[in-house]
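Visitor: Hi! I'm new to this one and would like a friendly tour. Could we have it on screen while we talk?

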Amino acid sequence: MIDFFGSPSNREMVLEQLGQHIYLSLLPLLLGVLVALPLGRLAQQVRWLRGLLQGSANIFYTIPSLALFVIIPGLLGTPLLSSINVIIALTLYTAALLVRPVRDALESVPAHIVTAATAMGYRSGRRFLAVELPLAVPVLASAVRVASVSNISLVSVGALVGIGGLGRLFTAGFQLDYPEQIIVGIVLTVLLALVVDLLLVALWRLLTPWARAGVSGA
């Protein structure tokens, strides 16, 4: 590995692929959360939609990612090698994965707090953003962490259809019979997942200062 990184061209290639991997995994994570929040809220409030939304999400998540990377260009008319295909696919995967956790997280908010907020004049939208969603963060955080790891691993699959990311190190390494390049790709993928997970934990703690106070008080 030392010899591999001794080459300036290799270092430049790794940094480029790492940057693409971060972009292709984290942007869909953010977009997927934004899609899942209203869907989870709808599943929480409209009982008859709960099974439909959850069932649809479960079925969608069973579609192989590689197949979806190929199907999306045919449906949207985007180029096969466009990063947009990966972003759309992983956004949908993230949303499908998070619909139920969002619902469960919102239902974990104590009913008396929701009632108190309503009595104080909070309307549904404002109560959701200012009261229910912040209190649901601790339950939701673990699901978002799982989704982040899932996205980081799935981006690597995109290399099979020519999409950039650390998966390109795998495919090129196998084609060139260059084990060091494969090992670098694996190590960086694992390290990226670990770093993102630690950052999400830090963000969760930042967004829930009352939880830290509760732990300290205990």
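**A first walk through the chain**

Guide: Happy to start with contacts, meaning heavy atoms within 4.5 Å. Among contacts in the protein chain between residues at least 6 apart in sequence, 71% join residues at least 24 apart.

Visitor: Before we go on, what kind of model is this?

Guide: This is a predicted model, where local features need pLDDT of at least 70 and side-chain atom pairs count only at pLDDT 80 or more, while totals for chains, interfaces and linings use all residues. Residues are numbered from 1 along each chain as its sequence is written, and side-chain values use heavy atoms, with hydrogens and water left out.

Visitor: How many helices and strands does the protein chain have?

Guide: The protein chain has ten helices and zero strands. Its pattern along the sequence reads α-α-α-α-α-α-α-α-α-α. Helices (H or I, at least four residues) and strands (E, at least two) are DSSP runs, numbered from the N terminus.

Visitor: And what does the C-alpha trace span?

Guide: Along its principal axes, the C-alpha trace spans about 65 × 45 × 20 Å.

Visitor: What share of the residues is buried?

Guide: Of the 218 residues in the protein chain, 43% are buried. Buried means under 20% relative accessible area, exposed over 50%, and partly exposed in between (1.4 Å probe, protein chains only).

Visitor: What about the surface, how much does the chain expose?

Guide: About 11700 Å², with carbon and sulfur atoms supplying 71% of it. Accessible areas come from the Shrake-Rupley method with a 1.4 Å probe, and for residues only the protein chains shown count as cover.

Visitor: Which residues form a nonpolar patch there?

Guide: Ile-183, Val-187, Leu-191, Leu-194 and Leu-198 do, with about 430 Å² of accessible area together. Patches are made of residues with over 30% relative accessible area and no salt bridge; like charges are joined within 9 Å, and nonpolar side chains (Val, Leu, Ile, Met, Phe, Trp, Tyr) within 5 Å.

Visitor: New topic: salt bridges. How many does the structure hold?

Guide: Six. A salt bridge is a side-chain nitrogen of Lys or Arg within 4 Å of a carboxyl oxygen of Asp or Glu.

Visitor: Which residue does Glu-132 pair with?

Guide: Glu-132 forms a salt bridge with Arg-41, and their closest N and O atoms are 2.7 Å apart. Glu-132 lies in helix H7 (residues 124-157) and Arg-41 in helix H2 (residues 8-45), so the pair ties together parts that are 91 residues apart in sequence.

Visitor: Are those two buried or exposed?

Guide: Glu-132 counts as buried at 2% relative accessibility, and Arg-41 counts as buried at 9%. Arg-41, Arg-127 and Glu-132 are also linked in a network of salt bridges.

Visitor: Nice. What about Glu-107 and Arg-50, where do their side chains meet?

Guide: They meet in a salt bridge, at 2.4 Å from N to O. This pair links distant parts of the chain, with Glu-107 in helix H5 (residues 83-107) and Arg-50 in helix H3, 57 residues apart. Glu-107 is partly exposed at 36% relative accessibility, whereas Arg-50 is buried at 17%.

Visitor: What else does Arg-50 touch?

Guide: Not counting residues up to four places away in sequence, Arg-50 touches Ala-43, Gln-44, Arg-103 and Glu-107.

Visitor: Last one: what is the phi of Asp-177?

Guide: Phi of Asp-177 is near 55°, a positive value in a residue other than glycine. Most residues other than glycine have a negative phi. Asp-177 is found in the loop between helix H8 (167-176) and H9, and at 67% relative accessibility Asp-177 counts as exposed.
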